[in-house]
Amino acid sequence: MERRAHERHKVGFETKITVLDDLGHSAFGRASDISRSGISVVLPLQLKAGDLVELELADSFLYGHVVYSSPYTALFRTGITAIWTKRR
């Protein structure tokens with residue numbers, strides 16, 4: 001049974017993630033899926049649940065908070081719930 005409220009869509013684009021409480025803490029990652037309520041990104045570093053982050057996309061910024069960050073091969077699958085977006 002599907003627990004999610006919104007349908008996920010597979011993607012594969014690069015994004016830069018920055019932790020807003022620590023602007024020196026950022027990394028490039030690859031988005032793996034997206035929905036109306038959030039995005040899943042595979043990153044080379046582990047973030048903490050609750051971290052407020054900025055995702056830099058091709059023509060927009062997405063702001064949200066980390067829901068989870070779990071080991072995934074040698075990387076970390078990170079779930080981010082969207083709060084708001086801003087176009088460049």
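These legends accompany several views of a predicted model.

View 1. The protein chain has seven strands and zero helices, and along the sequence its pattern reads β-β-β-β-β-β-β. With a radius of gyration of 12 Å, close to the 12 Å that the globule rule gives for 88 residues, the chain is as compact as a globular protein of that length. The C-alpha trace spans about 40 × 30 × 25 Å along its principal axes. Of the contacts with a separation of 6 or more, 44% link residues 24 or more positions apart.

**View 2. Confidence along the chain.** The average pLDDT of the protein chain is 90, and 94% of the residues score at least 70. Among the elements, strand E2 has the highest mean pLDDT, 96, while strand E7 (residues 75-87) has the lowest, 88. Where pLDDT is low, the predicted coordinates should not be read in detail.

**View 3. The largest nonpolar core.** Here we step inside, to a core of 14 residues. Ile17, Ile39, Val41, Leu47, Val53, Leu55 and Ile80 are the members that touch the most other members. At least two residues of this core come from each of strands E2 (14-19), E3 (26-34), E4 (38-43), E5 (52-56) and E6 (60-72). The biggest contribution is that of E4, which gives three residues.

**View 4. A closer look at Leu47.** Leu47 is one of the core members that touch the most other members. Leaving aside residues up to four places away in sequence, its contacts are Ile17, Val19, His25, Val53, Val66, Ser69 and Thr78. Ile17 and Val53 from this list are also among the core members with the most such contacts.

**View 5. The salt bridge between Arg8 and Asp33.** The side chains of Arg8 and Asp33 meet at 3.3 Å, N to O. Arg8 lies in the segment before strand E1 (9-10) and Asp33 in strand E3, so the pair ties together parts that are 25 residues apart in sequence.

**View 6. The surface of the chain.** Of its 88 residues, 39% count as buried.

Technical notes:
Residues numbered from 1 in each chain as written. Predicted model: local features only at pLDDT ≥ 70, side-chain atom pairs only at ≥ 80, totals over all residues. Heavy atoms only, no water. Core = buried A, V, L, I, M, F, W, Y, C linked by side-chain atoms within 4.5 Å. Buried < 20%, exposed > 50% of the residue type's maximum accessible area, 1.4 Å probe, protein only. Helix = DSSP H or I, 4+ residues; strand = E, 2+ residues; numbered from the N terminus. Contact = heavy atoms within 4.5 Å. pLDDT = per-residue confidence, 0-100. Rg over C-alpha atoms; globule rule 2.2 N^0.38 Å. Salt bridge = Lys/Arg side-chain N within 4 Å of Asp/Glu carboxyl O.
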